[in-house]
Amino acid sequence: MFENVYFFHSVAAMGRAGLTVTIWIQITALLCLFDGSAAQLSFSVSEEVDKGTVVGNLAKDLQINVDELEKRDLRVVSVNSKTYFDVDLKTGALYVCDRIDREELCPNTAKCSLNIEAILSHPMHLHRIEVQIVDINDNAPSFREREKTFNISESSFTGERYLLPMANDADTGSNSVKSYKLSPNDYFSLDVQSGGQHSESAELVLQKSLDREKQSVIHLTLTALDGGKPARSGTLKIVVHVMDINDNAPVFSQPLYKAQVTENAPFQTSILTVTATDLDEGINSEIVYSFIERGNFNPEAMFSINPDTGEITVTGRIDYEENTAYDIRVQAKDKGTPSRSVHGKVLVEVTDVNDNVPEIIISSLMSPVKEDSEIGTVVALVTVTDKDGGNNGLTTAKILGMVPFKLKLNYKNYYSLTVDGSLDRESVSQYNATIIASDGGSPPLSSTSIIPVHISDVNDNAPQFSEPVINVYVKENSAVGATVFTITAVDPDMEENAKLTYASLDGISKSIPITSVVNINSETGDIISLQSFNYEELKTFQFKVQATDSGVPPLSSNVTVNVFILDENDNNPTILAPYSEHGSVNSESIPYSAEAGYFVAKIRAVDADSGYNALLSYHLSEPKGNNLFRIGTSTGEIRTKRRMSDNDLKTHPLLVLVSDNGEPSLSATVSIDVVVVESTADIHTQFRHVPIKEDSFSDLNLYLLIAIVSVSLIFLLSLISLIAVKCHRTDGTFSRYSAPMITTHPDGSWSYSKSTQQYDVCFSSDTLKSDVVVFPAPFPPVDAELISINGGDTFTRTQTLPNKEKVRVTILDINDNAPSFRIPGIVLNVSESAFPGERFTLAKAFDADVGSYSVKGYKLSQNEHFTLDVQNGGEPTMSAEMMLQKALDRSVINVNSETGDIISLQSFNYEELKTFQFKVQAKDSGVPPLSSNVTVNVLILDENDNNPTILAPYSEHGSVNSESIPYSAEAGYFVAKIRAVDADSGYNALLSYHLSEPKGNNLFRIGTSTGEIRTKRRMSDNDLKTHPLLVLVSDNGEPSLSATVSIDVVVVESTADIHTQFRHVPIKEDSFSDLNLYLLIAIVSVSLVFLLSLISLIAVKCHRTDGTFSRYSAPMITTHPDGSWSYSKSTQQYDVCFSSDTLKSDVVVFPAPFPPVDAELISINGGDTFTRTQTLPNKEKSW
């Protein structure tokens, strides 16, 4: 990137039309003193060079790899309307692409240059290029007149001068007019005077006195030569007429007159008056003033001079921008014969006024602009020029109004119109950016220019459906290939980005793809059925349709389509058993004495259809003239209309027609012969075509049989074990133990030991001080040591019992202390630049327990950045370190350091992060800098982006759930409760329940907020047996999202037929047969025998005949400081645990029916001591 650097190249070419071209390049780098980001390159090239002439190499000067030129789309833009230069993207060479004529581009100027801009994309960079047009000598000097005549008096003195016309040369510099040459003659010489910028002239100087009588006319040739190589020339013929004497010429009062005139001065404004005098008298002294036309400038076009007074006034439009000064030559001529004249010089300077508004030039307009263009993208190049000078020519530019663009100053008065905000074509497709440019004059002048910027579309909008769930109703038996529905989505984008295609996503089930049921036209969204639907097999199914646009990358959205099959009347009613509809005649008997309304039979029929198509009506047809029976239209019950008479037939053939309410109606018939019998004894109940269920050995029988065997086996094993234990006991219960010993250990535990075994005893946490007792006997005391439960003291000697047995009691630790940390929390400051693998030491946990109950491990809560490394150097040295696994990133938001804009760097999910907090510091640039902080609480607002979820046991994935209700259900009967949850929050999670029933059915209602489905009224015979319900659960979000669940409510005859539905789990129905009853009785009997046996055994054990032990009911024996004993009944329970190899006979109780003697207190808490020995009596009881 170049910063503040100018590059100057010069290329000169001599000749045109095939001449050899010589090119040289000079590169000089100069550092500018102003701050800017643009780079200025300067080249030079001769005019009239051939097309294709290389001016310079942009790739080299801009330090860009040639291979990147095409990738970065290097192009050259000319400020002028005509393009003279182009760039070769393969070499980076800047070359001439059109004829360059310096005289046409820059007439009458010494310096000529073309300004072009080199533009690089990806990223966008602008480089100003100035190409100096070097003049070549392609124009010869010329005079405006072919011939110049001078009338010179013969009395003219040598040395007199006569101003010659000035030659014009369109070339400049060294190629302009450099010299004049006069043809050889005897009288005149040439004097070329160079007076600087505004005066350069050639004068004819008289060298020799004239003699009209010798030569009255002198012919001369003036040749003007330029400085080119080779030089070009132009000639002027001079004719000198030698006149007779007027020997004094007029003389101006001063050699140079200077004056100032303001730009746009009014006509006839007087500038100055020139004055000349003539020493002659009479007519030879009368002076006439006039302008002398020189070169291309005719003073009379702008000014006028009074020929008598010499006053110069304004007659034309004075424009500072065209000429800043005027160099006027005036002539004073007398009226003598011949007349004599003198010329003078007048310099008129023009004072600028602010009369030109700034001009705004737009180039390289990059329209349209993509709506996802980043901030800083260049839209157009803007150049502001003002023809005025000084402060009147200084300009500034800015944008009016609120548009997402700004002007960026590139170099001097060159600007870039760049994107300064987000663009959205769907909101605004075109902006009119108004640029106002003002100059620095007083008063300032300004101009405006409107730049239309069109916004081009990018694929930033996904297709949108009008509803999140679409319900489609299709009649069953509809034709295959019929269009059942047309799905339409809209895309706010345009053209290809808004061209949508439709496709189905999932199937009805895992085994049935949706493409086998319906097809979706990918262009129109028409849903076409691929099969004819049968309501009795499939009532509803669901699938998703995805609409995808044709953008790059494509965007898509989904919609759930619920297809509900509408029932058609395509099934005839079916007559149920015991009657047959297949042409056979059924028979029923009634007694002759039957009263009116006597029940004859009930015809039952069902229809596989639904709704009104399944609503059946019954009609009876009797033989002509017979009017004995009637049938319930809705119930199907056949009853007598009246009593029998002797005229009635004995057999009445009836035809029952069962028809549904469909369109057209379908029907079935059944024939019944009603036979009149004399008495009710002759009536037999007909059970036709009813299969008799045979009991089989079902699974329930097997389970009952296994239960009987198991209970019996347990009872038998328990009995055998008890007998074995009883047989193993001996009368000499304590004779096996020799010298049991009680010993304490340094860790505070007790142990009870004999010659071959050791038993450990531990106490519960609520053992009291008086719970440990010593049974003293009338024997001499011996020394003993302190017994301490808490482990602080030691017991180093033994207590000898009468049987010479010793007991060692060990106090075992239980896990009654939880690990704890000495500090409630630890704060680690970890830099986000920390590398994975870095470790951070954590505080140790402490546990008052020992052994296996001490701290054995650490566990860290689940997270994505840290893991726990536990280093085990033994119980005292176990430590944990937290190790960084994934690099940290605090980049949730970014704060613009200049504007304070808080910019999100990620998309937030309310369900994962509801709020977070950070601090923002504002700091000034003073020395020292001062700052202050503010706390920013960011609260994430929930969007409705989660559909409700139906909870078990119901399913929302297209399957139909089933519930049963009894026919006798009252209004308000509870049918089912739909439960659903929504992961969103607030109103987005507020769910409402809505129920949809088949047309004409109005039997159920649902609690809008509870989801409880209840009946509105009692059932009637006209109601369907199966009621398909569709429950819609929708949230309160915008837009609302929903889920559906289908439930078939089946009406059963009684509550005994109602089963709890665990969907998708087949429930096997087993009948409770007699075999089941016998097996159940056997289980109860065996269990009762086992229970009675166990109770009897316990009663026998508790009813021992020895009264010694029975006298004590959980005695507590306590010793006192004075050596006395006390027995107290206690209701407390003491927990004693034994080791795994303790036998039943190892637990002994030592009763003491003897007078108490001295003994000491045993303290569990360690505050008291036991210092004496107490020998127990030899009389013992054990169990």
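Where is proline 123 found? Proline 123 sits in the loop between strand E8 (113-120) and strand E9. Strands (E, at least two residues) and helices (H or I, at least four) are DSSP runs, numbered from the N terminus. This is a predicted model, in which local features need pLDDT of at least 70 and side-chain atom pairs count only at pLDDT 80 or more, while totals for chains, interfaces and linings use all residues. Residues are numbered from 1 along each chain as its sequence is written, and side-chain values use heavy atoms, with hydrogens and water left out.

Backbone geometry comes next. Most residues other than glycine have a negative phi, and most peptide bonds are trans. The peptide bond from histidine 122 to proline 123 is cis, with omega near 0°. The bond from alanine 577 to proline 578 is also cis, with omega near 15°. Proline 578 lies in the loop between strand E43 (574-575) and strand E44 (585-591).

Glutamate 48 has a positive phi, near 65°. It belongs to the loop between E3 and E4. Glutamate 48 counts as buried because its relative accessible area is 4%; buried means under 20%, exposed over 50%, and partly exposed in between (1.4 Å probe, protein chains only). Glutamine 63 also has a positive phi, near 55°. Its loop runs between helix H1 (58-61) and helix H2 (68-71). Glutamine 63 is exposed, at 64% relative accessibility.

Threonine 53 lies in the loop between strand E3 (39-46) and strand E4 (54-57). It is buried, with a relative accessible area of 7%. Its C-alpha atom is 5.3 Å from that of tyrosine 95, 42 residues apart along the chain.

Now the cysteines. A disulfide is a covalent bond between the sulfur atoms of two cysteines. Here the criterion is a pair of cysteine sulfur atoms within 2.5 Å, and the count comes to one. Cysteine 106 and cysteine 112 form it, with their sulfur atoms 2.1 Å apart. The link is right-handed, with 60° about the S-S bond. Cysteine 97 is partly exposed, at 29% relative accessible area.

Which residues lie nearest the centre of the largest cavity? They are Glu117, Leu126, Arg128, Asn410 and Tyr414, among eleven lining residues. Strand E9 (125-134), strand E28 (378-385) and strand E31 (414-419) each give two or more residues to this lining. A cavity is a set of points, on a 1 Å grid over the protein atoms alone, where a 1.4 Å probe fits but cannot get out; lining residues have an atom within 4 Å of a point. The largest cavity holds about 90 Å³ of space.

Two strands pair if DSSP finds at least two bridges between them. E48 and strand E49 (residues 637-640) pair over three bridges. Isoleucine 631 has isoleucine 638 in E49 as its bridge partner.

Strand E47 (residues 616-621) runs antiparallel to strand E50 (residues 651-660), joined by six bridges. Leucine 616 stands opposite aspartate 660 in E50. E50 is also antiparallel to strand E51 (residues 667-677), through nine bridges. A hairpin of six residues joins E50 to E51.

Terms used
On a 1 Å grid over the protein atoms alone, a cavity is a set of points where a 1.4 Å probe fits but cannot get out, and a pocket is an open set with protein on both sides within 12 Å along at least five of seven lines; lining residues have an atom within 4 Å of a point. Grid points are joined across faces, edges and corners, and a volume is the space filled by probe spheres set on the points.
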